[in-house]
Protein chains: 2
Amino acid sequence: MGGTRREIPNDPGRKRRILDAALDVIAEAGVHKTTHRRIAARAEVPLGSLTYYFDGIDDLLVQAFARLSDTMSVHYRRTLESAATRAEAEDAIVELICGPAYASSREMTLIFEMYGYANHHPQVMDIARAWLHRSRESLSLHFPEHVCLALDVLIEGWPIHRVFEGAPLDRALVAATVHTIVDHLDAAAERPGRRDA
Amino acid sequence: MGGTRREIPNDPGRKRRILDAALDVIAEAGVHKTTHRRIAARAEVPLGSLTYYFDGIDDLLVQAFARLSDTMSVHYRRTLESAATRAEAEDAIVELICGPAYASSREMTLIFEMYGYANHHPQVMDIARAWLHRSRESLSLHFPEHVCLALDVLIEGWPIHRVFEGAPLDRALVAATVHTIVDHLDAAAERPGRRDA
DNA sequence: GGCAAGTGTGTACGGTCGTACAGACTCGTG
DNA sequence: CACGAGTCTGTACGACCGTACACACTTGCC
């Protein structure tokens, strides 16, 4: 329909496959060794495809990180949405921190790469910012704003230890910390500035 | 003295200056754009110097990150050592999280780059591991082990938000969170596993 | 001064990178 | 079927990279 003929791609899923391949390469070799040729080989597409679908390597990286951010946000959101009570929400958070779903070795590596790259690329900075913002939104389904902030810090920070310690996290300690913040930070904030010396 | 003649470098501070220049380049351009030539230009030394002092670019990066880790560890340690009481230690932690000293934009960028690079390079992984370990040791001057772990997570995680939000942190909230963990996590851990459903 | 051993460097080479682009291919339309 | 707009790709080029290395320089010892 319409007057002139339009885009009839031979391989509609191609672009997405290239993005996934890019994330694979980034996870395995790091941004500093991510090249057109490596991505093309991994995605099993010709080199020319990459310059056809993307305006250079920066554009490709930006879209790859955007895809990563979306995927993670959805998982994050779903995990928190599936919790009905506050106690379940706490369990969900512990799962996000310790469990292999989010914060798997691959995801953590990619997040580090994204954070690192973001500091040198405004568009990726925006993507990272949006990712943090959406995380907090998901948390706010269950907790007041300041508690969300503190919990989000735990969710960002604790997996870092997991990556570098190499050992699985102490679930009981994570759970206790989450619970402590949920229970007492809430109360403490109602009397702002108060601190028993 | 001794039999044969020995190393008499013309410029003893050269190696350190190269390392500092490398960190500057990494902070400004990221590891993925850090090259021998850029570092040499920044340090104002000839290109050949870099291959003379270092066994390739990887070796240079490893030593640069080692230097970064040392510098930060010392600062971290001194900050915690200068606290006499627990309350002062809490303030010191808030300062580490919010203050511009540690967690300045430059330092955070470098840390991100280090974490990212560590995932693809065992030697840097060891350096990062050691850095986290020493952080926790410094914290243990004032707090029991499990509290140190939770506090360290805050110190790692909160500056991330600072970088991406762009705005300064809510000091009162940071202080309240630190205080909450110090006060209540300690007590909670004495009854391990306990959680009021 | 002559010598040898170690310090430091300018240049050049092979390799890889990002990207441009001529042209092969596909397919709706007239 | 002819055609042309649009989709895709193999190849090639200039730029830049890491690194090697021949060579100049410095300095203690005779």
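Modeller: A polar contact here is a pair of N or O atoms within 3.5 Å; within protein, one of the two must be able to donate a hydrogen and the other to accept it, and residues adjacent in sequence count only if both atoms are side-chain atoms. By that rule, 10 residue pairs are in polar contact across the interface of chain A and chain B, both residues being at pLDDT 80 or more. This is a predicted model, in which local features need pLDDT of at least 70 and side-chain atom pairs count only at pLDDT 80 or more, while totals for chains, interfaces and linings use all residues. Residues are numbered from 1 along each chain as its sequence is written, chains are lettered from A and ligands numbered from 1 in the order in which they are written, and side-chain values use heavy atoms, with hydrogens and water left out.

On the side of chain A that touches chain B, at least two residues each come from α1 (14-29), α5 (86-98), α6 (105-118), α7 (122-139), α8 (145-165) and α9 (171-189) of chain A, where helices are DSSP runs of H or I with at least four residues, numbered from the N terminus. Of these, α8(A) gives the most, with 14 residues. Sorted by class, that side of chain A has 26 nonpolar, 14 polar and 12 charged residues; Ala, Val, Leu, Ile, Met, Phe, Trp, Tyr, Cys and Pro count as nonpolar, Asp, Glu, Lys and Arg as charged, and the others, Gly among them, as polar.

Taking contact to mean heavy atoms within 4.5 Å, 52 residues of chain A are in contact with 50 residues of chain B. The size of an interface is often given as the accessible area lost when the parts come together. Chain A and chain B bury about 4,400 Å² between them, with 68% of it on carbon and sulfur atoms; the buried area is the accessible area (1.4 Å probe) that two parts lose on being put together, summed over both.

Between chain A and chain B the count is 2 salt bridges, each being a side-chain nitrogen of Lys or Arg within 4 Å of a carboxyl oxygen of Asp or Glu. R136(B) forms a salt bridge with E165(A), and the closest N and O atoms of this pair are 2.6 Å apart.

One of the contributing helices, α1(A), has 16 residues and reaches 22 Å from its first C-alpha to its last, close to the 22 Å expected at 1.5 Å a residue, the expected span being 1.5 Å times one less than the number of residues.
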